[in-house]
Amino acid sequence: MLEAAAGGLMTGALYALLASGFALVLSVARTFNLAHGELIVLGGYVGEYLWRTAGLSPVLAMPFAALPCGALALASRPVLRRVGEPFVLRALVLTFGLSLILQGALQDAFSADHRLIAVPAWEAGVRLLGVRLPAGRLIVAAVSTGLLLGLYLVWTRTFLGKSLRAVSQDREAACLAGISPARVDGIALALGGVLAGASGPLFAAVHTVSPAAGLGPATIAIVLTILAGIGHMGWLLIGGLMLGLAEAMAGWFGGAMWRDLLPLGLLIGLLRWRGGILVSGQDRP
Amino acid sequence: MNTPHPPRPLDAGMRLVGPGAGGLALVAILPLALGLQDHLVYLATMAALLALLAQSWNLPAQAGLISFGHAAFFGVGAYASALLSLRAHASPWLGLLVAAGAAALVGWLAARIAGDLPGPAFSLATLALAEGLRVIALHWTGLTEGAWGLVGIPGLPWPALTGAWSPRGARILDYYAAAASVWVLCLILAWIRRRPFGLALEAIRQAEGRAEALGVNTRQVKRAALILSAAFAGVAGGLHAHLFRWVDPASVFGVHHSVVPLIMAMFGGTGTLLGPVAGAAALYLANELVFHRLAPGAHLWLYGAAIVVVVVALPRGIFGYLQARLERRHEPV
Amino acid sequence: MSLCEAVGLTKRFGGVTALDGVSLRLEPAAITALIGPNGSGKTTLLNLIGGQARPSVGTVRWRGEDITRWPVHRRCRAGITRTFQVARPFLDMPLLENVRLGILFGAPGDLAAGQCGRARSRHLLEELGLGERADARAGTLSLGDLKRLELAMALATQPALLLVDELLAGQSPSSIQGLLAYLGSLRSRGLAIVLVEHRLQALMRMVDRVVALRQGRIIAEGSPDAVLRDPAVVEAYLGEPAS
């Protein structure tokens, strides 16, 4: 059971990474990108392709996967700008529809079968604190955590991060301070896409990808974002670890069905508890 | 002194009997108009099925409840009817009835867990509900055969038709079953629009708190809308099961059957009576006749373009836009 | 037994105490003005009586019954109706339908079978000077007219207690005279009315009783003359003790 728990924690770090792009875009651009999961899947397919044809490790494939996803996200900007009030709901409907297109495109481009990046070296066991873990999980967790740390540093220490935070907290005030919210929106969207794409190969290494597989990561992203609170990037990792652990335990004690139902049940519960956060962007009902 | 309210064009200001009979006549003649050609009747049947689903989606949408999870009701209906005919050897007609009931139950559940949530939260909760049911259907193999799905579901039992007409006759009658369901739902929706219930739905959509302060039991109204909507979506699911003869979690509980009615209804016009039907027919036929020839997945570009157009330019859909323009001309100064 | 009684109402949220131990009695055929600086808790009190919020402590009684847990629509049907500070009619609907909603749902028992409420809606709109525009979309109205529509909608529900939040904002002086006279006629029909207003001078002649709030507490209560001369009230409004 300890193995399962440790495995869950490892996966949790990846979950936080999966959620990071989504949380960023929601906090800054107030855009609920329901197509985020499909971007992750696209990144996964790119990673799988590179692995299959060039033997490129998922970790090394990350930048290559990040590019098209970032570009796609940025391409959605002109459309999003034309969305009127109520923005949140309309953007939600729009990205819901777009996720369908992306799914279809993935199906046409890559066919509907399930794919997995199975790196043989990653199967090797590593003993850590008396628990045997697949090396791959450790690598994924380490890379995820590293990337999250980098994101956190950017968010808190750089000027870019400050601009992002400013727009996230108060668009008008940011405007008065000389920051262009529209430009920052674009940066956030692109960054969100890049994060989604980059996490794709890692995701494809631990979970099979198929055109319809986007909903899973999307659910996790939404759950963690609501859990962490809008604009609170730091809490994503903690939330991710908790979720990963809870999922592993649910799977260990209840089986695959309960493991898959957990994030969905959590989402409904969180929506009931803190659902207003989506509309107001703050913790006010 | 009291001037009568001017009749609103394109709306149910007219008496129901006339248009109702007219609609029924249209439904009845269509196969003949299509020359009874197999392929065309098939298209009409599928269009009717999608129209039924889209129209059912429309009802809660009129109260501002934008469901992202109608596949939940559709799938429950499909599985309920399929299981009843396969395991209990019951008539598919009974299956359809049970499908409506089972789906209505899930509709009640959706109202219970998500009915009080604000707009976007409600949408996401319904998405989670549909996905949850898919996961359950996938893993509860004892009941549903899991990913393999249920096969060999009997078709709708029509009285034995003799001669060479038999299979074709059955397909024509299948069309009538689907089209008649759409017609019934449209009648019900037209009737609702003229009742206080319809006014309440619209009021809730525009300003829920205000409606409640005027005495509307908003929780009850929303719940009723969801239950009725779910029941008809369930019928659509049951029909799907008996027309396609197989169901599996990915197809009936998949996001596809949640997104598509949304797009079709919004494209046609959620605030209008026949908008969803027209939207469904238009998009489906555009796909089958044009886009599908280009590439198997091309329909998604069509649907995607439709949703972008609706959200960005035509929030009220095509019919809604037309209706608004006609109303502006008639508006008293 | 009073028509409506608030007992020890306290409302806390987010570290703020909006209302602190407010008790109040309301009787039929009387106009009560609720005054106080911004943030004194006036709208909160209306919310607690109207049902838009629940008190942290205290009860609300209606004809002797404890209605603290009652949902908004149930209170409306029982006879408590309010208007809103920011007028919230249904902008996409004609005025007629706006008012008809209140008739259909707020006072359903009063419609005879076969009636749809349109005639009564029109009548109400005419009483408030909006009769000619009954078929116009509510979104086309000016602010002052929106407030009148709000009042018509509230009256459609046949209230016994009417809570009016900032009716006079945006109205011309002659319009104010008309509205106040109309409220007076409602009073003589037996309605209990609570007015929340900033423009005190216009009100004072119409009003039977004034309740002054400050920082969530009642600081004075009584006839208009007495309250307006109360030093505590003067200080609250002018910021310095009366000489």
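A residue is called buried if 20 or more other C-beta atoms lie within 10 Å of its own. The legends below describe a predicted model.

**View 1. Helix H11 of chain B and its buried residues.** Helix H11 of chain B covers residues 256-268, 13 residues in total. From its first C-alpha to its last, H11(B) reaches 18 Å, close to the 18 Å expected at 1.5 Å a residue. H11(B) is mostly covered, with 12 of its 13 residues buried. After the helix comes B:Gly269, whose phi is positive, near 130°.

**View 2. B:Leu50 and its contacts.** B:Leu50 is one of the residues with the most contacts inside the largest nonpolar core.

**View 3. The largest nonpolar core.** This core has 289 residues. Those with the most contacts inside the core are A:Leu224, B:Leu50, B:Leu52, B:Ala103 and C:Ala152. Helix H1 of chain A, residues 2-29, gives the most to the core, with 16 residues. In soluble globular proteins, nonpolar side chains tend to be buried together.

**View 4. The side of chain B that touches chain C.** Here 19 residues of chain B are in contact with 25 residues of chain C. On the chain B side, the residues divide into 10 nonpolar, 5 polar and 4 charged. Of the 2 pairs of chains that touch, chains A and B have the most contacts. Chain A and chain C do not touch, and their nearest C-alpha atoms are 9 Å apart.

**View 5. The fold of chain B around these sites.** Chain B has 14 helices and 2 strands. Its radius of gyration is 20 Å, close to the 20 Å that the globule rule gives for 333 residues, so chain B is as compact as a globular protein of that length. Along the principal axes, the C-alpha atoms of chain B fill a box of roughly 65 × 45 × 40 Å. Buried residues make up 54% of the 333 residues in chain B. Among chain B contacts between residues at least 6 apart in sequence, 77% join residues at least 24 apart.

How values were computed
Residues are numbered from 1 along each chain as its sequence is written. Chains are lettered from A and ligands numbered from 1 in the order in which they are written. This is a predicted model: local features need pLDDT of at least 70, side-chain atom pairs count only at pLDDT 80 or more; totals for chains, interfaces and linings use all residues. Two residues are in contact if their C-beta atoms, placed from the backbone, lie within 7 Å. Ala, Val, Leu, Ile, Met, Phe, Trp, Tyr, Cys and Pro count as nonpolar, Asp, Glu, Lys and Arg as charged, and the others, Gly among them, as polar. Helices (H or I, at least four residues) and strands (E, at least two) are DSSP runs, numbered from the N terminus. The expected span of a helix is 1.5 Å times one less than its number of residues. A nonpolar core is a set of buried Ala, Val, Leu, Ile, Met, Phe, Trp, Tyr and Cys residues joined through C-beta atoms within 7 Å. The radius of gyration is taken over C-alpha atoms; the globule rule is 2.2 Å times the number of residues to the power 0.38.
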